[in-house]
Amino acid sequence: MTATLTSARGIGRRSLRTILRLPSAAIPAILMPVFQVVAFTGTYRGVTDIPAFPTDRPANWFLPLAIVMGCSFAGMSFGFATIRDIESGFYDRLRMAPVPRHALLFGGVLSAVVRAAIAIVIVTLVGLALGARFTNVGGVLTLVAAGLGIASIGVFWALALVYRFRDMRAAAIMQLTLFFGLFLTEAQMPIYLMDGWLETVARFNPLNNILELSRVGFLGDFRWSDTWPGLLTIVVLLVVTGVAAMRGLARLTDT
């Protein structure tokens, strides 16, 4: 365990150094959610006039979406770095190092958690400036849990794809799957105000539970019934994507 944690911290620090060495790869993960919360809050300001809409502040609805999206990008950024390492041959050196192999995965999680925390702080400050307001104290914790959870899931999902394709094809797939997965939820509109196929997809989309978890602090009182589905979804998806990433790493090591 000590060797794993030490190695994971080293890999995580190496990934975080790229923020300074290659800021062009890190800035989009911050600018994109900032752009989303500004654009959606302004463009869809009138959405709160719809009867039965759960809040009278558009920023309260779109800020959590922007944070969850930004944190997922923070997780995928480690996948992009891994692709570069594989194509350059440096990843072979990491796999040959006398350290536990799963440290290669957990190092990415540590890096993504730090990147996601930065995104949460910056995007939240922008959202508060645009009028967002927390309606309960517990919602701060659920927002952080949703952001860090989706970032960790993004790392495992990205690495599972990277180990499978081992080139930039994985980058396109990881972005499209998470992007469409998050927007095929109640990203723009509550489920009970939807109709047609989108309502059905959003209702059974597990990412919708994580998005709902992020909004607990902006839509009224804190209720456990609104919280546990998102927490359970994060745990289940972490297990599923984590197993997929570990199996992919094992196949990569065997080749």
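User: Which helix is T43 found in?
Analyst: T43 sits in helix α2; helices here are DSSP runs (H or I, at least four residues), numbered from the N terminus. Bear in mind that this is a predicted model, where local features need pLDDT of at least 70, side-chain atom pairs count only at pLDDT 80 or more, and totals for chains, interfaces and linings use all residues. Residues are numbered from 1 along each chain, and side-chain values use heavy atoms, leaving out hydrogens and water.

User: Why is T43 called exposed?
Analyst: Exposed means over 50% relative accessible area, buried under 20%, and partly exposed in between (1.4 Å probe, protein chains only). T43 has 59% relative accessibility, so it counts as exposed.

User: And what makes F40 buried?
Analyst: F40 comes in at 15% relative accessibility, so it falls under the 20% limit.

User: How do you know that F40 and F183 are edge-to-face?
Analyst: Rings of Phe, Tyr and Trp (its six-membered ring) pair if their centres lie within 6.5 Å; planes under 30 degrees apart are stacked, over 60 edge-to-face, the rest tilted. By this rule there are eight aromatic pairs. For F40 and F183, the centres are 6.4 Å apart and the planes at 90°, so that pair is edge-to-face. F40 lies in helix α2 (residues 23-43) and F183 in helix α7 (residues 169-183), so the pair ties together parts 143 residues apart in sequence.

User: Which residues form one aromatic cluster?
Analyst: That would be F40, Y44, F62, F179, F180 and F183.

Conventions. Helices (H or I, at least four residues) and strands (E, at least two) are DSSP runs, numbered from the N terminus.
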